[in-house]
Amino acid sequence: MSEKLIEVVDNAGVVRLTINRPKALNALNSAVLTELEAVLTELEQRNDLRAVLITGAGEKSFVAGADITEMREKTPEEARAFASQALRTIKRLETLPVPVVALVNGFCLGGGCELALACDWAVASDNAIFGQPEVLLGVIPGFGGTQRLPRRVGPAMAIDLVTTGRKIDAQEALRIGLVNRVMPQAELEAYAEELTQQLAGNGPQAVRAAKQAVHDGMDQDLDSALALETALFAFCFAGGEQKEGMGAFVEKRKPNF
């Protein structure tokens with residue numbers, strides 16, 4: 001049997017996905033996208049899902065981009081189909097109802113940067129390199145980079161990156177808001193384990209509601225978004241999770257979600 005392109009590890013509902021093409025620096029091709037979409041389809045159906053972490057195999061690369069060898073001879077129609085497949089798959093990752101975290105190890109370029117942008121937040125190793133270098137190949141970002149990047153870092157910085165194709169290190173990525181945290185490569189795995197335990201220990205309905213409030217509220221005017229927040233806040237009181245959480249606080253014990 002061939003090796004899986006997407007490795008899945010489940011730890012109490014916190015699922016870690018590893019893109020497994022280290023010899024190709026985990027570049028995204030049609031086969032990777034097909035397998036990733038199938039995994040995400042399964043995750044969408046899980047009521048016990050707490051969070052998703054996504055990374056790339058090895059220490060050299062998160063995802064170095066889309067697979068240029070596969071793309072180079074595509075016709076415009078084939079390029080459109082490839083981009084549509086990637087956009088559909090990445091959107092499914094973005095719209096999972098639980099937090100999605102990119103653990104960025106090494107190169108995070110082109111399609112890799114676009115994949116990280118679809119995550120709720122990103123943690124980078126100090127050897128991470130980011131960029132949207134598509135213009136150096138005579139094309140533009142096609143997996144959402146021209147749209148998600150300005151929403152993350154602002155339009156001026158986004159235009160800088162997508163028109164120059166320049167690469168930035170982890171510290172600059174942190175400064176412009178592309179990532180949330182930078183740490184030594186050797187500490188990334190320990191952080192992932194710590195984060196897994198933290199997310200698994202929080203109220204799952206509350207975490208889902210918090211993500212929904214932020215994502216859905218961003219597309220609404222402030223008054224409508226505040227009304228959404230109020231509705232979701234009230235919804236949290238409908239089940240036993242709120243009673244357990246507040247009861248545990250009063251009784252000075254750890255909640256059992």
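In this predicted model, Arg148 has a relative accessibility of 14% and counts as buried, because the cut-off for that label is under 20%. Arg148 is placed in helix H5. Its side chain makes a polar contact with the side chain of Glu94, at 2.8 Å. Glu94 is also one of the residues that Arg148 touches once neighbours within four places in sequence are set aside; the others are Ile90, Lys91, Leu117, Ala118 and Phe143. Along the chain, Arg148 and Ala158 are ten residues apart, while in space their C-alpha atoms are 9.1 Å apart.

A pair of packed helices can be described by the angle between the two axes and the distance between them. For H1 and H3, the axes come within 9 Å and cross at roughly 30 degrees. Because angles under 35 degrees count as roughly parallel, H1 is described as roughly parallel to H3. The crossing of H1 past H3 is left-handed. On the H1 side, the residues that meet H3 are Ser30, Leu33, Thr34, Leu36, Glu37, Leu40, Thr41 and Glu44. Their counterparts in H3 include Phe82, Gln85, Ala86 and Arg88, with Thr89, Arg92 and Leu93 taking part as well.

Another helix pair is formed by H9 (residues 204-217) and H10 (residues 222-235), which pack at an angle of about 165 degrees with their axes 9 Å apart. Ala209, Gln212, Ala213, Asp216 and Gly217 make the contact from H9, and Ala225, Leu228 and Leu232 make it from H10.

Helix H8 (residues 188-201) holds Thr196. Is Thr196 buried or exposed? With a relative accessible area of 8%, Thr196 is buried. The side chain of Thr196 reaches the backbone oxygen of Ala192 at 2.8 Å. Apart from neighbours within four places in sequence, Thr196 is in contact with Asn11, Val14 and Leu53.

Two further residues deserve a look for their backbone angles. Leu25 has a phi near 55 degrees, a positive value in a residue other than glycine. Leu25 sits in the loop between strand S2 (14-19) and helix H1 (30-44), and its relative accessibility of 28% makes it partly exposed. Lys252 is not a glycine either, yet its phi is positive, at about 60 degrees. This lysine, Lys252, belongs to the segment after helix H11 (240-251). At 80% relative accessibility, Lys252 counts as exposed, because the cut-off for that label is over 50%.

Terms used
Residues numbered from 1 in each chain as written. Predicted model: local features only at pLDDT ≥ 70, side-chain atom pairs only at ≥ 80, totals over all residues. Heavy atoms only, no water. Helix = DSSP H or I, 4+ residues; strand = E, 2+ residues; numbered from the N terminus. Buried < 20%, exposed > 50% of the residue type's maximum accessible area, 1.4 Å probe, protein only. Polar contact = N/O pair within 3.5 Å; in protein donor to acceptor, adjacent residues only side chain to side chain. Contact = heavy atoms within 4.5 Å. Axes fitted to C-alpha atoms, helices over the stretch in contact; angles between N-to-C directions. Parallel < 35°, antiparallel > 145°, perpendicular 65-115°, else oblique. Left-handed = near helix turned anticlockwise from the far one by under 90°.
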